[in-house]
Amino acid sequence: MSKYQILNSRAPRIDALDKVTGRALYTDDIARPGALHCAILHSPIAHGRILRIDTSRAERLPGVKAVITGKDIGSIVYGVSPARYDESILAREQVRYVGDEVAAVAAIDLDRAREAVSLIEVDYEELPPVLDGQIAMDDGQPQLHDKYPRNICAEVHWNFGDCDAAEREADFIRTDRIISKMQDAAFLEPQAVLAEVDASGRLTMWSSTQAPHYVQRTLAMALGLRPEKVRVIKPAVGGGFGPKASCSTAELVVCALALRTGKPVRMTFDREQVFLHSRARHQFFHTMTTGVKRDGTLLFLRHKCILDGGAFASFGIATVYYAGSLLGGPYRLKNMTYDGYRVVTNKPACGAQRGHGAVIARALFETQLDRIAGELHIDPLELRLRNVMGRGETTCNELYMSSLGMRECLEAVRDVAGWDSQQNLEGGILPARDDSRVRRGRGVACGFFVSGAGYPIYRSETFHATVVTRVSETGGQVIVESGAADIGQGSDTMLAMITAEVLAVPLADVKVVSGDSDLSVDLGAYSSRTTLMAGAAAREAAEACRDQILTEVARRCGVEAAHLRIEQGYVKSSNGSLDFAAIRKEFAAEHFNFGDIPDTPDLTFREAARIAYLGRGTIVGTGKYKPPKLGGSFKGATVGTSPAFGCSAQIAEVAVDMETGEVTVERVVGAHDCGFAINRTQVEGQMQGSVSMGMGEALFEQIHYDRRGNILNANLAEYKIPTAMDIPRIEAVVIETDEPNGPFGAKEVGEGAIMPTIPAILNAIYDAAGVRIEELPATPERIVTGLKAEDLGGCK
C-alpha cells in the first residue's frame, strides 16, 4: 500500500476538461476591445545592407495606426545570454537571413496591416551569404557580425583527465562522424501575442511563452521600461519544446506598437513565420574518437563539434556547452576532450529544443558504442552495462550523481523487450538473412540529461522558483500561485498534487494559478527543471500553511503542535482524541444557516483552516528553491550542472524495406529514471512524447534551404513529422531512485527521454539492413544510398 494519498498515482490532469471541451483560453482566443493587428515586413535576402526604407505609402493607407522601423525603436541590443547580446528589435543597418524583421505595422485589421507592409519600399545592397556551417569559420568568408571574428560566436575547449595516456592503453580505437539538419519544434500553436498599456503606463502582455520571467526582463530591457512596469501572462499554450523560451520578435514588436499607439495590439505568427523565427534545433557536425580496452571498458573520448546556429546567438552559448558536457555521463569515462564551435550563418537563428544541445552528440556516441561492441564481439547492451555509472559517482567534468538508475533502466528494457544477446555478435557483419524484402532489427541506446540548469541565464542570485500558497478564508480551498509555465507538460497538476499531498486534502480542493510574472518568480519551463524546482517550492509553501494551521489548532486545544498532523482531510493527534468542541461550535456559528456543517468525529481540514484564519489572519505559505553551488572550477563549469541527472534506455524495433529504404518503427521499449513519479500517467506521457519527437528527428525532419537561404518547406505539409499513423507501440517503464534533491525524490522526465530514441532507431536500422546512417534524418534516399554502398563493399 502506498504511503501517499495523492502522489505516485494516476491523477487526471486538472486542465484536461477545459482543454478537451475547448474552454481553455489560448492567447489567440483572448479579445481586447479596439485591438489593432500587427504585420511584419521580412527581408527577402539572406545577407545585405539596408540602404533606404520608405514607409510613406504605408503610413498613408487608411486604417494604419503606426509604422515602425529600426530607427524608431532605439539601438538597444538584446538576446538570451548577456555575453552575446546581438539582436535588435528590427534590423537597423543590416539583414542577416531571409525573414529578418525590417519593419512593422499596426492597423485596424490584419488585411490592412498586411497591405501596408506590402507598400513599404526597401533598397538593399546584397552581400554574399554564408550558408554552410562547416565553412563559416574559413578565412575569407563574409562576416555576419563584427563582434564574431571568423563567424565564431562561442567556442569551448575542455580537457579532462589524460586522453594521451589513455590512448596508449587502448586496445581498440575508432573515429566516427554524424551530420544533422536544422529542425523545427513543430508545436501546434504558433507564437501568439497580445499587449496593452494601462493608464499608468504599465505594459501587460499575454503570450504563448514558456518563460514569462525571462521574457519580462527582455521586454523591459529592450523597450526601456522598469521590469515592474511589465507584466507577462501565459495563457494555455499548445506546445513549446524550447523555442518559446526566448523572447520572440512578435512579442517585442507588438509591445512596441502598443506603447506607441496606446491601443491593444495583437499578432499570431503564421506557420512560415514560425519557421523563420524557429530558434529550434541547430545543425550539428560531430566527430568522435573513442578508445576502449578489449573487455569494452571505456578509456577516453575525443570530441569535436561545429554547430550551425543561424544569424544570432540566442541560446547558442548554452547549446555548444551542453553538446560536450553531457557526454560525461551516464558511463564511467575518466578522460575526455571537447572542442566545440558555435558559428553564425545567414539562416534563421537556432536555440533550444528538447534535449538541448545533447541529442545529436548522444546519437553519435551511442551508435559508435554499437560499432565498438560489434568489433569486440560484445553484446551492445552488455557493453553499456559494463560501463554505467551509479549513485554517488562523479563524471570527469565534475557532475555529481546524487541518484542514477542507469543500470536499472538497461536491465528493465532488456527484460521487457526480450533482448536477444546473439544479435550483432558477428563483428559488425550481419547474421545470415533470408531474401525477404522487409528485414527487421533491434537497437539499444542510453540517455542522460539535466534536471534543471544549475544557474540562471543571467548572472544573479535569484531563486529559481518561488511559490505562494494561500488557504481560502472560508477554509475550503487552497490556492497555489506560481510563475511556472505549464506548456502542456502538466506542471500545474504536479503543483496541485504536491500541495494536496502535504495538506492531505482532495486534489479537487487545490486551485493552481500560474504562468504570470506578477505571481512569483519562476525561470520558466526549460532544462526539465519545473518538477524539481517549482515542486520543491510548492512543497515548502504547503508545509508552511500546514504548520500555521496546526499551530493554531494546538493553541485552541491546549496541546503541542508537534503531536498534530493532517491525515486524509482530518486533524489527528498522536496523543488520543482532541477536544475540539469549542472549535466546531465557533465554526458552526461562522456558518449559521449553512447546510454542510461537519459532524465527523474528527476535526476537518476545512474547520481547522477556518479557525486558523480567525486566529491568525489569512494563512499564506511561501516556498522557494535555489540550487546549491554546483560545478567545478574550470571555465564553463557552470553549464551542464544540475541538482540531479536523469537517465534512460530504449530498445527500438524497426522494419526496413530493402528496395525503397522505408523504415517503420514497430515497437519501442523505454525505461526512464525519474527519481519518483509524482504522477505516473504524466511520466509515461512524457516518455511517449519523447519517443514520438525523437522518431521524427531520426527519420523525417529537416529544414530545406535553397542556395539563396530561402526555406523550401516552411509548412507542416512539407516539413514531415510523425502522425498518429506512424507512432509505434511504446512500452514505458518507470524507474524510481529517490533523488535526494527533488521533492519527494522526483526529478526530470521531460527532455531526457528523447536521448536514446534516435540512436536506438539508427542501431536498429543497422541491425536490420547493415547500413550505418551518418547524416540525419535517415530518409529512404539515404538508406538506399547506403545499401548501394554496402553492395559495393562500402559501409560497415
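Thr249 is buried, at a relative accessible area of 2%; buried here means under 20% relative accessible area, exposed over 50% and partly exposed in between, with a 1.4 Å probe and protein chains only. This is a predicted model, in which local features need pLDDT of at least 70 and side-chain atom pairs count only at pLDDT 80 or more, while totals for chains, interfaces and linings use all residues. Residues are numbered from 1 along each chain as its sequence is written, and side-chain values use heavy atoms, with hydrogens and water left out.

To find Thr249, look at helix α6, residues 249-261. Helices (H or I, at least four residues) and strands (E, at least two) are DSSP runs, numbered from the N terminus. Leaving aside residues up to four places away in sequence, Thr249 touches Ile40, Ile89, Glu101 and His277, where contact means heavy atoms within 4.5 Å.

Now step back to the loop between β11 and α6, where Val237 is found. Val237 counts as buried too, at 2% relative accessibility. Its partners, again not counting residues up to four places away in sequence, include Lys19, Tyr26, Glu189, Lys244 and Asp486. Tyr26 is 211 residues from Val237 in sequence, yet their C-alpha atoms are 6.1 Å apart in space.

Next comes the second largest pocket, with about 690 Å³ of space. Of its 23 lining residues, Asp18, Ala236, Asp492, Val512 and Ser514 are the closest to the centre. On a 1 Å grid over the protein atoms alone, a pocket is an open set of points where a 1.4 Å probe fits, with protein on both sides within 12 Å along at least five of seven lines, and lining residues have an atom within 4 Å of a point. The volume is the space filled by probe spheres set on the points. α1 (16-21), β11 (230-233) and β19 (510-513) each supply at least two lining residues, and β19 gives the most, with 4. By class, the lining has 11 nonpolar, 2 polar and 10 charged residues; Ala, Val, Leu, Ile, Met, Phe, Trp, Tyr, Cys and Pro count as nonpolar, Asp, Glu, Lys and Arg as charged, and the others, Gly among them, as polar.

Finally, turn to helices α9 (residues 359-376) and α17 (residues 757-769), whose axes come within 8 Å and cross at roughly 35 degrees. These axes are lines fitted to C-alpha atoms over the stretch in contact, and angles run from 0 to 180 degrees between N-to-C directions. Among the residues making the contact are Val359 and Ala363 of α9 and Pro759 and Leu762 of α17.
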